[in-house]
Amino acid sequence: MSASKLKLGVLVSGRGTNLQAILDGCARGEIPAEVTVVISNRPGVPALDRAQKAGVPALTIPHARYGKWPECRAAYERDLVRSLTEWGVQLVVCAGYDRLAGETLLDAFRGRIINIHPSLLPSFPGLHAQADALAYGVKVTGATVFFVDESLDGGPIIAQDTVRVEEGDTVESLSARILEVEHRLLPLAITLIAQRRAVLEGRRVRILDKSGGAS
Ligand code: GRF
């Protein structure tokens, strides 16, 4: 591991295919970062096995043990922040993490916490993005990586890419094509941040080219 690599803490809740894309990208040297810790808020999920297989420390901090949500959020996030800090995390990546970030997590990592969402935000925020896009009848949807703020999927956008909705698409077929895009987009966004080429300016994220100018 190189000292100059951006230290990532990845938050997960389930399957972990986006985590896998990050682990693979780091291992291949395509993402100039390293995953220092993976933390799940749900015990026994496949994402934890993926971390272990990659030799990355994998912890579980079960939010449910802290009491009723969202009243327990601050207590849960205090432990989460303590752990991320202990592991020296510089960028928190939510990769299929199913909790809304609260004040405690945001105060500690504002501007240094990102999330991926399976739609072209601001269209279709929330838990059922692919189904909502299909039901609405859009012809194009996609994926978005953004900086997390207090809103539901409403933070400044770092990267987006499109996916066409085909006749006969189901939630499953559409989700599968969006997921392929997610697996490219999240590593790209992490790379831009690691290279200091994603500059947060209020509501907008300016993307610099490799020479440091606006691209
Ligand atoms: C992805 O579709 C992501 O956009 C959404 O949750 C899903 C997580 O999938 N936030 P995985 O756990 O990375 O496979």
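Mentor: A polar contact here is a pair of N or O atoms within 3.5 Å. Please also keep in mind that this is a predicted model.

Trainee: Which atoms of Thr17 and the ligand are 2.6 Å apart?

Mentor: They are an N or O atom in the Thr17 side chain and an oxygen atom of the ligand.

Trainee: And what lies 2.8 Å from an oxygen atom of the ligand?

Mentor: That is a backbone N or O atom of Gly16. Arg15, by contrast, uses its side chain: an N or O atom there is 2.6 Å from a ligand oxygen.

Trainee: How much of the ligand does the protein bury?

Mentor: The protein buries 83% of the 370 Å² that the ligand exposes when taken alone.

Trainee: Which residues are around the ligand?

Mentor: Arg15, Gly16, Thr17 and Asn18 are there, together with Gly96, Ile116, His117, Pro118 and Glu182.

Trainee: Let us turn to the pockets. How much space lies in the largest pocket?

Mentor: The largest pocket holds about 890 Å³. Its lining has 33 residues, and those nearest the centre are Gly96, Tyr97, Ile116, Pro118 and Leu127. Gly96, Ile116 and Pro118 are also among the residues around the ligand.

Trainee: Which helices and strand each supply at least two residues of that lining?

Mentor: They are helices H1 (17–27), H5 (129–136) and H6 (171–194), along with strand S5 (113–117). H6 gives the largest share, with four residues.

Trainee: Which domains does the lining of the largest pocket draw on?

Mentor: Domain 1 (1–110) and domain 2 (117–215) each contribute at least three residues to it.

Trainee: How do its residues divide by class?

Mentor: The lining of the largest pocket has 14 nonpolar, 13 polar and six charged residues.

Trainee: And what is the volume of the second largest pocket?

Mentor: Its volume is about 370 Å³. Sixteen residues line this second pocket, and Leu6, Gln90, Ile193, Ala194 and Arg196 are the closest to its centre.

Conventions:
Residues are numbered from 1 along each chain as its sequence is written. This is a predicted model: local features need pLDDT of at least 70, side-chain atom pairs count only at pLDDT 80 or more; totals for chains, interfaces and linings use all residues. Side-chain values use heavy atoms; hydrogens and water are left out. On a 1 Å grid over the protein atoms alone, a cavity is a set of points where a 1.4 Å probe fits but cannot get out, and a pocket is an open set with protein on both sides within 12 Å along at least five of seven lines; lining residues have an atom within 4 Å of a point. Grid points are joined across faces, edges and corners, and a volume is the space filled by probe spheres set on the points. Ala, Val, Leu, Ile, Met, Phe, Trp, Tyr, Cys and Pro count as nonpolar, Asp, Glu, Lys and Arg as charged, and the others, Gly among them, as polar. Domain bounds come from an automatic or database domain assignment. A residue is near a molecule or strand if one of its heavy atoms lies within 4 Å of it. A polar contact is a pair of N or O atoms within 3.5 Å; within protein, one must be able to donate a hydrogen and the other to accept it, and residues adjacent in sequence count only if both atoms are side-chain atoms. Accessible areas come from the Shrake-Rupley method with a 1.4 Å probe; for residues, only the protein chains shown count as cover.
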